Amino acid sequence: MRIAVSQIDTKAGDLAHTAQRMADISVVARERGVDLLTFGMCTLTGPIPVDYSSQDAFLFDLVQVLTDLAKRVACDCLVPVVIPMGEAAEIEVMHLHGGMAHPLRFSSLMGRQRQSFSASAPSLSEELVRFEVAGTSVGLALSYEDLDRWNDAEEHVDVILYVASYSYAIDDMSSALGAALGENRYVQDARETGSWLVGVGSLGGYGTQVFSGGSFVLAPDGRLAAASPSYEEDLLVADVGAETVLEAGAEMQEEVYDERYGLWQALVLGIRDHVQKLGLSDVAFALDGSLASMLLSVLATDALGPTHVHALLCAPDGSARVADSARLARTLRLDLRPLPDLPEHDLALAHDMAQVQLAALARETGALPLACDDKTGLALEARAGQVNAGRLAPLGDVYRIDVLDVARLRNTISAVLPALEIGPSDVPDVGIDIPSWGCEQLLERMDSVLAAHVEGEQSLSEVIEAAGDERLVEEVLGALREREAHRIAFPPCLMMTTRTLRDSRMPLCFAWRDHARGELPETIQRTFESFLCSDAHQPKMAERLRLATPEEAAAHRGEFMEALELLRDLALGGGGEWPDPFSEN
């Protein structure tokens, strides 16, 4: 079987335009002898479901697009769609074949239900989907859990098609797909299943998520047969299947993955797509001499070009970086605007006045105002009542030590940034004196503590056990909690990790505070274990561990079936003008 993976970045809010591109790509694929063309998870609908009030209208338009697209594609196609279901959503994969659209996951579940009337029948998320194309058996995977199920499955398929549903995250190597094969899970997945593994990556910025592309094809022995570049559009074509053998020496060499370079590319793509998909072309921000603001100058220039970047120079007089900031703006040829004199005696007031001027500049130039805050600053430096005119914080999910690393990496491409070092003003004041071993090392340890708690979801005691510095951990995590309320007014950030600060929010005005604790006495430990195992506590633990009772699983299946039936009813409701796009499955 010859398979193709289309990796395209699509326009926002224009299903018809996207469908036209997909149809055009199918013609190219047919000319190259492709049996099955697969699109990324975000290509048609994006990753985020629409609001409840818009769901019927969205499904109506989606049916129209799928109806038309199924007739126009020049070869068999797989089109993932995100289907809203009340407050949740499911990913369905539509097989466009013979002028009709076959929902693969829904059809597979229906087949299993016809065989079993048990209340404990598998839910949609647990179902392994298998289908055939050109005499080749294909298994579908949409998540790491699906890949694990195929690794454990008794049945064998010739090809596993992994349609990635995760956006890029610097702390998840597998989210980079083909760019990080030497460090992520997929080579081992191919070897364990003994199947060809095709990774299908989405490309582009969608809301605050960024998808890096990086589609790939691995032979059953883990060798790389084909790969698409990351952060670029591409049509990847490869022969796969039981009769296909990758000859010795025909494999591609895996890339050496550079986390800093991947992060820089994700930030540039995220800024460009976010701005342009809002219908804008320019950005504006306050160049205040911070590491984040200086890196943002370069990122915005790389993303949009210097004529579309407007900066207010508001580094405090006497700051070591005021001259560096002005020089950087001139080097990049930005539209640099000086500010009137700011009060030197009150830095908080000076910051707020600069933000007011930023809002005025954004209105004047029609630009999107950006916030320069990084993740470390949002976690530990947010102030009560702080004015922020930004509507997007591109670096709000990037730790300060990573900001420094990306800046240094960018200077190896072209040395536009000054030589950057961490000084005392770059280290958040959480009550820890600067040690003799230096500011940069202290900042790195602070960020490690935050990452262990936020992304690693470790408790205070667990972080102390790993870090070995009780006072540092308590001060950092104490400051994180104290600034919880102050972060509410900050703008959204581009998601660059598996867990943002918003994802790890604590309830406001909560009486309980975590603290360092030793090993529990045996009597308390037994009581605790008994509590967790009690019948009354089971539903809460099931919810915490994301387990579903048979009744909940059945209800979830019912919601999804209702959504698919609505799609079918909408299509049939069109009378003679709308032929039914769905098969009898």
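These legends accompany several close-up views of a predicted model. Local features are described where pLDDT is at least 70, and side-chain atom pairs where it is 80 or more, whereas totals for chains, interfaces and linings use all residues. Numbering starts from 1 along each chain as its sequence is written, and side-chain values use heavy atoms, with hydrogens and water left out.

**View 1. Six strands in an open sheet.** The strand order is β6-β7-β8-β9-β12-β13, with mixed pairing. Strands here are DSSP runs of E with at least two residues, helices are runs of H or I with at least four, and both are numbered from the N terminus; two strands pair if DSSP finds at least two bridges between them. At the edges sit β6 (129-133) and β13 (224-227), each pairing on one side only. From one strand to the next, the twist averages 20°. Angles run from 0 to 180 degrees between N-to-C directions, using axes that are lines fitted to C-alpha atoms, for helices over the stretch in contact.

View 2. Strands β7 (residues 136-141) and β8 (residues 159-163) run parallel and share four bridges; look for Val138 opposite Val159 in β8. Helix α4 (residues 144-152) lies across β6, β7, β8 and β9 (196-200), at about 135° to β7. Helix α5 (residues 186-193) also packs on the sheet, where it touches β8, β9 and β12 (216-218) and makes an angle of about 40° with the direction of β12. Contact means heavy atoms within 4.5 Å.

**View 3. Helix α6 and its two ends.** This helix covers residues 259-277, 19 residues in all, and reaches 26 Å from its first C-alpha to its last, close to the 27 Å expected at 1.5 Å a residue. The expected span is 1.5 Å times one less than the number of residues. At the start of α6, a side-chain oxygen of Asp258 comes to within 3.0 Å of the backbone nitrogen of Arg260. Just after the helix, Gly279 has a positive phi of about 80°.

**View 4. Salt bridges.** Side chains of opposite charge can pair when their charged atoms come close. A salt bridge is counted when a side-chain nitrogen of Lys or Arg is within 4 Å of a carboxyl oxygen of Asp or Glu, and the count comes to 29. One of them joins Asp221 to Arg223, with the closest N and O atoms 2.9 Å apart. Asp221 is partly exposed at 38% relative accessibility, and Arg223 is partly exposed at 23%. Buried means under 20% relative accessible area, exposed over 50%, and partly exposed in between (1.4 Å probe, protein chains only). Another salt bridge links Glu440 and Arg408 at 3.2 Å, N to O. Glu440 belongs to helix α12 (residues 439-454) and Arg408 to helix α11 (residues 400-413), so this pair ties together parts that are 32 residues apart in sequence. Asp9, Asp273 and Lys277 are linked in a network of salt bridges.

**View 5. Thr301 in helix α7.** Thr301 lies in α7 (residues 291-304) and is buried, at 13% relative accessible area. A polar atom of the Thr301 side chain is 2.7 Å from the backbone oxygen of Ser297. Beyond neighbours within four places in sequence, Thr301 is in contact with Pro306, Val309, Leu332 and Leu334.

Terms used. Polar contact = N/O pair within 3.5 Å; in protein donor to acceptor, adjacent residues only side chain to side chain.
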